[in-house]
Amino acid sequence: MSTTRVDRVPDAVTVPAGSSCADVVATTGLPMTGPNAIVAVRDADGLLRDLSWKPGEEVKVFPVPLSSPDGLNILRHSTAHVLAQAVQSLYAEAKLGIGPPVENGFYYDFDVAKPFQPDDLERIEVRMREIIKGGQRFRRRVFPSIEAARQELRDEPYKLELVDLKGDDGAPSAADSAAGELTVYDNLDARSDEVRWSDLCRGPHLPSTRLIQAFKLTRSAAAYWRGNEANPQLQRVYGTAWPTREELKEHLRQLEEAGRRDHRRIGEDLDLFTFSKEIGKGLPLWLPNGTIIRDELEGWARQTERRLKYRRVVTPSITKDELYYLSGHLPYYREDLYAPIDIEGEQYYLRPMNCPHHHMVYKSRPHSYRDLPYKIAEYGTVHRFERSGQLHGLMRTRGFTQNDAHIYCSAEQAKDQFLEVMRMHDAYYRALGISDFYMVLALRDPRNTAKYHDDEEMWRLAEQITRDAMDESNIPYVEEIGGAAHYGPKVDFMIRAVTGKEFAASTNQVDLYTPQRFGLTYHDSDGGEKPVVVIHRAPLGSHERFVAYLVEHFGGAFPVWLAPEQVRVIPLASELREYADEVCDVLLGADLRAEVDRGDSRLSAKVRAAVTRKVPLIVVLGRKEAENRTVSVRYRSGEERSMPLEAFVAQATELVRSKSLEGAGHQ
Ligand SMILES: [Zn+2]
Ligand SMILES: [Zn+2]
């Protein structure tokens, strides 16, 4: 990453009434060009404003540098305007949708006769460069009335729709900026001040297109207007923009790496999973190879949980509405549920989560303080409504199976139990070579009382237990106000992937609220009946998301214990097939997953085939090996070693048993 970033917010600047912020900021010595150029200001109310803003009275403003998060949004959204101008100059019939900034970039939606092809994007980029070089200025203009806006935008049907929504839903906006007025941004020619192009927008924008130093259009894809499948399909062009060429280059490298590691492509190439039109979107078919990975992870979780005294349960996937009225999923989370199934006049739902079932397991028997902590685990399958536009390979599906468990304990035990859950995450991640992770403590926003239950003491206690456990875990964490669930604070584990992406791996909670709703209690030593505390946890997330992550993490080159095929046996000649079969049988007998390549191709082609399939151990058998009962092993590192068959079996078995990461992720 570039070292040009400013690491602190510039001091506030006082702007006299009637002066432009640009003029005043320029006198402070702050840069007005380059990667740290001041491109906008934030006023005392927190609103972002253009640099050209002239306040009616003396105000204090905070300069916004290009390289700050706000500055990057403004840069990217301004680049989206340039993109739209370029598209309309090349494709006169193109109608405009919206063009907001997104993480690391921007997009703009267009209604065009046919989808953009890669050479279209190249043409558009060339045009964009011309516009940028021309140094057009961005000028904010307020529509005198909605009628005036309608008149000016009469040829832009989608913009008209936004005007009718008063621009407050889905309208382009770089960030929270001056609202309440209907505004348009004109692009003015640097010399003549003539209007070259305009767009309905709240702004703010860069002062000039010349500040766009490094951008690239990355791809285009179909997208429905306002995300609704009932609306017309538009063409969305994605791009990215950065303050410097170096940052753009690094970002494109990460994108390329992400593309190479895309779990959807590797998943198909290695026959891990697939999708079928007849079965439906977002409903993966786990192929035999993928099922092996899933089973191995599940076996690992069971072993880990057994040692920590969890007990396994099995509960049904569909359930009467009564349970969800009790849990509050109905009516509050109805939009996450699929439509009910009528069975003999009763309404049943596909379950969206396992918690209520586990609570009913707990509730089905009386519990004494001696039973606590009572831990029940289930790799439970759930279904949640997702729009088809949101689906993404195994990362976002409509049905998934979670590494779920609930711990029922006393309030006194809760901190240690939650700490145990955090240590469990830590151990799992380290065993997989995941070292870059942290926690997010999502707290309630005390001002938003409607969203959260109102038992103050309960919030205080839940936060206390959670924070105490987090502090003791020594795992770094950040706090986020407003992200809590209705019933309590949440702790999300975030992993930073090799591709630079962040991945929310699991959500955990200390829950004091649900036991009250469900009447979950235990009989204490003093004879009283007391409410339990519930800890929700799912360290390995869901199979779908976690395997998707692991595919990208290892780039398909799984450690031996997870590799669907662990050993490929290659006989050098057809008369050696008998020995190859014998070697394979010995490996299978030792619980290793081995296959013999019986093809007729040359050795180099066979080795290449095994490497392409990411098989970690390749065993080559020649006459000498058959005579001496030895094997010649080729590792992912390229190293080769000869050894007695028994020694190889012992070595491979140890790689599996120790969950060794040797050679894992080797590309
Ligand atoms: Zn705009
Ligand atoms: Zn739960």
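Reader: In this predicted model, why is Cys355 called buried?

Author: Cys355 has a relative accessible area of 10%, and because buried means under 20%, Cys355 counts as buried.

Reader: What makes His406 buried or exposed?

Author: The relative accessible area of His406 is 0%, and since the cut-off for buried is under 20%, His406 is buried as well.

Reader: How do you know which residues are the protein donors of the zinc ion (ligand 2)?

Author: Donors are N, O and S atoms within 2.8 Å of the metal, and Cys355 (SG), His406 (NE2) and His536 (ND1) lie 2.0 to 2.2 Å from the zinc ion (ligand 2). Along the chain these donors follow the spacing C-x50-H-x129-H. Cys355 belongs to helix H11 (residues 355-363) and His406 to strand S20 (residues 399-409), so this pair ties together parts that are 51 residues apart in sequence.

Reader: Why is the site of the zinc ion (ligand 1) called tetrahedral?

Author: The zinc ion (ligand 1) is coordinated by His77 (NE2), His81 (NE2), Cys201 (SG) and His205 (NE2). The angles among these four donor atoms are 89 to 130°, and because four donors count as tetrahedral if all angles lie between 85 and 135 degrees, the site is tetrahedral.

Reader: What makes helices H8 and H12 oblique to each other?

Author: Helix H8 (residues 288-307) and helix H12 (residues 411-431) pack at an angle of about 140°, with their axes 12 Å apart. Roughly antiparallel would require an angle over 145 degrees, and roughly perpendicular one of 65 to 115; H8 and H12 are therefore oblique.

Methods
Residues are numbered from 1 along each chain as its sequence is written. Chains are lettered from A and ligands numbered from 1 in the order in which they are written. This is a predicted model: local features need pLDDT of at least 70, side-chain atom pairs count only at pLDDT 80 or more; totals for chains, interfaces and linings use all residues. Side-chain values use heavy atoms; hydrogens and water are left out. Donors are N, O and S atoms within 2.8 Å of the metal (3.2 Å for Na, K and Ca); water is not among the atoms, so sites may look incomplete. Four donors count as tetrahedral if all angles lie between 85 and 135 degrees; four count as square planar and six as octahedral if opposite donors are over 155 degrees apart and all others between 65 and 115; anything else is irregular. Axes are lines fitted to C-alpha atoms, for helices over the stretch in contact, and angles run from 0 to 180 degrees between N-to-C directions. Helices (H or I, at least four residues) and strands (E, at least two) are DSSP runs, numbered from the N terminus. Angles under 35 degrees count as roughly parallel, over 145 as roughly antiparallel, 65 to 115 as roughly perpendicular and the rest as oblique. Buried means under 20% relative accessible area, exposed over 50%, partly exposed in between (1.4 Å probe, protein chains only).
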